[in-house]
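Hi,

Here is the structure I promised to send over. Have a look at it first, and then read on for what turned up in it.

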Amino acid sequence: MTGSTRPLQLWLREWRQPSFRLLWLALFVAVLTVASITAFTGRLKAVFDDGASRFLGGDQVIESSGNLSDAWVKEAQKLGLETAFTLEFSTMLNRGDQFQLVAVKAVDEGYPLKGEVGVVTQAGAPSQTVKQGPAQGEVWLAPRLFSLLGVQLGDAVGVGHKQLKVTGLLTKEPDPSFSFMNVAPRVLMNYEDVAATAVAQPGSRLKYRLLLAGDEPRLEQFNADIASSLTASERIVSAKDGRPAVSRAIERAERYLLLGGVLGVLLAAVALTVTAQYYAQQQKDTVALLKTLGCRSGQLRMRFASLLLISAVTASILGLGCGLLFEQWAVWAMGDMLPPLHTSLPLNWIWLPLLTLAIVLAAFAWPVFRALAKQPPMFILRQAAANADFQRMLGFSKSRMLSALIGFAALLMVYSGELTIVAAVLVGLAVMIAVAAWLMKMWVKLRPPRRTVTPGALRAGADQLKRRPWSTVPHVLALGSAWALLLTLFLVRTELVDNWRAQIPENAPNHFFINIAPYEVEPMRTLFEQNNIAAAPLYPMVRGRLTHINGEPVRTVVSKEREVGALNRELNLTWMADLPEDNRILSGTWWDGASSAQGGVPGVSIESQLAQRLDVKLGDALTFQIGGATLESKVQSIRSVQWDSLKPNFYMAFAPGALDGFAATYLTSAYLGDNKTEMVNQINRQFPTVSVLELDQFVVKVREVIAQVSLAIEALLALIFAAALLVVASLLAREAPSRRAETALFRALGAHRRVVIGATVGEFSLIGAFAGVMGVIVAESVAGFLQYRLFELPFSLHWELWLLAPLISAAATAAYAYWRLRGALLAPPHATLQSGFVE
């Protein structure tokens, strides 16, 4: 036998032992879990990024009010990036003697780089999706222009000096505009026709956009190359920056996927710890015999190291292969709900599982075998040690706890890079360990329950726990960890999905009405009531520019490095008596009439993110220029604003009366149903000065992204649930041999089978209940912290879980324990005793 074949032959011999196969299975599932989650989340992240890009028409956009540099296009093409141009402007569309203000988007032959355009090209035909805009000499119109101008497909309409043929009814844009400055119906035309219209003249209000598509490294290189040539009127917009409602959902989803991956890794580490202790317990006699025959501790460590190395290699190969197959199956199974992608998986789906496996082996498995190898043989062989000290030696020690702590921290940092997640999870696990130790200590001191109060099975189970409290602690910790991690993910998922659905409900506002004159407020409100239209309150707007903070010009106070878009334009100032339901006061107080003015200076409530960028605090003085007048104010409160609620929101809000004397217009948002085109046209006829911003396509796209994100979260939760089941399976597989021997002894001493089964079920019911209680405590604490700090969501206790989780945990643990141990519980006692398998 050569030296190179001995480890392999030893590994094949050990493979015959169920405990070793279970250890290998834990390694395999650790790699499988991390590989599948990493591959799946990588695929979903690509789906999210693609969905965000579809909102923008490309992966990145450069916007400018002037012509874009040809050098930028050449640089993009040199880097292998796809490019497309669009130009947006407002003008009058005419048909004969009828005129209508429209928002024109002129596109070139490359538009769109991402997403599709929806168009109807024949009367009565369904909408079809295409990957290009109109041909030269043609134009596509928004649906309500057909009724406003009496246009039909094939008619000619005029844009400036150019007559264009109407060849399509525009039903969908990949990049619909959402701006109060662009509220007219959309017209899509060819970029080559713009010059002939003579509309784009010096001084015209134009928006040029260069769309780019390509991988992230090339885009970053492009941005670095042009950074020095960007002017104040030009800005780079990434896919995630383009739509706050979408980017916020995607950002939260990515953080959730990150959190799910971290918790999946930790569950795999818990399962490996349990199985390593089980195998080490089975190896104690072999180790004692080898040491008695002269085998040194170093040789034993080499023996275990070779077994773990071969197991790690084989588990990695099969785990990576099965993880890739699982990811492909998941993508195929959800093919109808997720858009197809043609990108390759990131390489971290290979190296991250391997690094994870190395960490869990070093931190959770190797310390168990190292401790076993250095123990004297007499200590191992003593029967008392096998049942008490040996269990404690395998389970807890200061060095083992330190290595586990370092291992957990390393896994969290490698997988998340978020110190918030690391701190929250580690503190939660530390609290769980302390609570488990305290519960066992109290359980030992607890007086036995009265027979008349406690059912027999639970009473027998309680006696079992009192006989071996410290060997129960690993069970409770393992199950408690599984429940804590699973419930943490479930609670955060519930809050996220509920929050998204609350933001975009079925009747979410899909139209904004702007420039409502004060004398039109009551007629507009009456029109909404007569047509049963659910509308937001009508908010007044006063245009004003922030000029000074605490008496100093804002451009002096705010450094150039902190680019604040709100300083480059006039702000919409408003007044309101009541705080909107989706706003929340973070500091200061809302006005109650008496406190709305401080020393004759009106108070103002500022949005929290703007306050942070401007470094504005409570009590600071803000000066606004409104027309030719100046308004002094003091910051009375700082509030958070839910910008993705599709309701009117404002950076600055004053108390009623603070803006009296300044000219104001009003705005509101409302949901219009199936008859939206007729209603919008009626509003335009009755209120010709009111501008209507249509958000139909925007709302549909937001819902599509949220549906994809919610589906991804559900799939990830299923993966983590499977990892939690592995922990329970590993734990009970370790119990099978000792339960078989214990059951045989009880049956040989005259105990009825029903009593033995009842005691086992009662014991595991209590273990499950303890684990459920600890899981809820840790999950509520960790999930609440993460919701507040990481996901910016309000925290609320879930009282129903405090009752359901322990009950479900107790019932599920007892049922699974009976199913897994039924062979040991129902085996004839004489067969077990004759086999000599008694520990």
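One term before the details: pLDDT is the predictor's confidence in each residue, on a scale from 0 to 100. You'll want it at hand, since this is a predicted model.

Overall, the protein has a mean pLDDT of 77, with 72% of its residues at 70 or more. Where pLDDT is low, the predicted coordinates should not be read in detail.

Now for some helix packing. Helix H3 (residues 70–78) packs with helix H6 (residues 216–226) at an angle of about 150°, and their axes are 10 Å apart. Angles over 145 degrees count as roughly antiparallel, so that is how H3 and H6 run relative to each other. The crossing of H3 past H6 is right-handed. On the H3 side, the contact is made by Trp72, Glu75 and Ala76, while H6 brings Phe222, Asp225 and Ile226. Sorted by class, that contact has four nonpolar residues, two charged ones and no polar ones.

On to the aromatics: how many aromatic pairs does the structure hold? There are 13. One of them is Trp799 with Trp802, a tilted pair at 6.2 Å centre to centre, with 40° between the planes. Both tryptophans lie in helix H25 (residues 799–826), three residues apart, which is about one turn of the helix.

Two backbone details are also worth a look on your screen. Tyr111 and Pro112 are joined by a cis peptide bond, with omega at about -10°. You'll find Pro112 in the loop between strand S3 (98–107) and strand S4 (117–120). The other one is Asn532, a residue other than glycine with a positive phi, near 55°. Asn532 sits in the loop between helix H19 (521–530) and strand S13 (539–549).

Cheers

Definitions and conventions:
Residues are numbered from 1 along each chain as its sequence is written. This is a predicted model: local features need pLDDT of at least 70, side-chain atom pairs count only at pLDDT 80 or more; totals for chains, interfaces and linings use all residues. Side-chain values use heavy atoms; hydrogens and water are left out. Axes are lines fitted to C-alpha atoms, for helices over the stretch in contact, and angles run from 0 to 180 degrees between N-to-C directions. Helices (H or I, at least four residues) and strands (E, at least two) are DSSP runs, numbered from the N terminus. Angles under 35 degrees count as roughly parallel, over 145 as roughly antiparallel, 65 to 115 as roughly perpendicular and the rest as oblique. A crossing is left-handed if the near helix is turned anticlockwise from the far one by less than a right angle, and right-handed if clockwise. Contact means heavy atoms within 4.5 Å. Ala, Val, Leu, Ile, Met, Phe, Trp, Tyr, Cys and Pro count as nonpolar, Asp, Glu, Lys and Arg as charged, and the others, Gly among them, as polar. Rings of Phe, Tyr and Trp (its six-membered ring) pair if their centres lie within 6.5 Å; planes under 30 degrees apart count as stacked, over 60 as edge-to-face and the rest as tilted.
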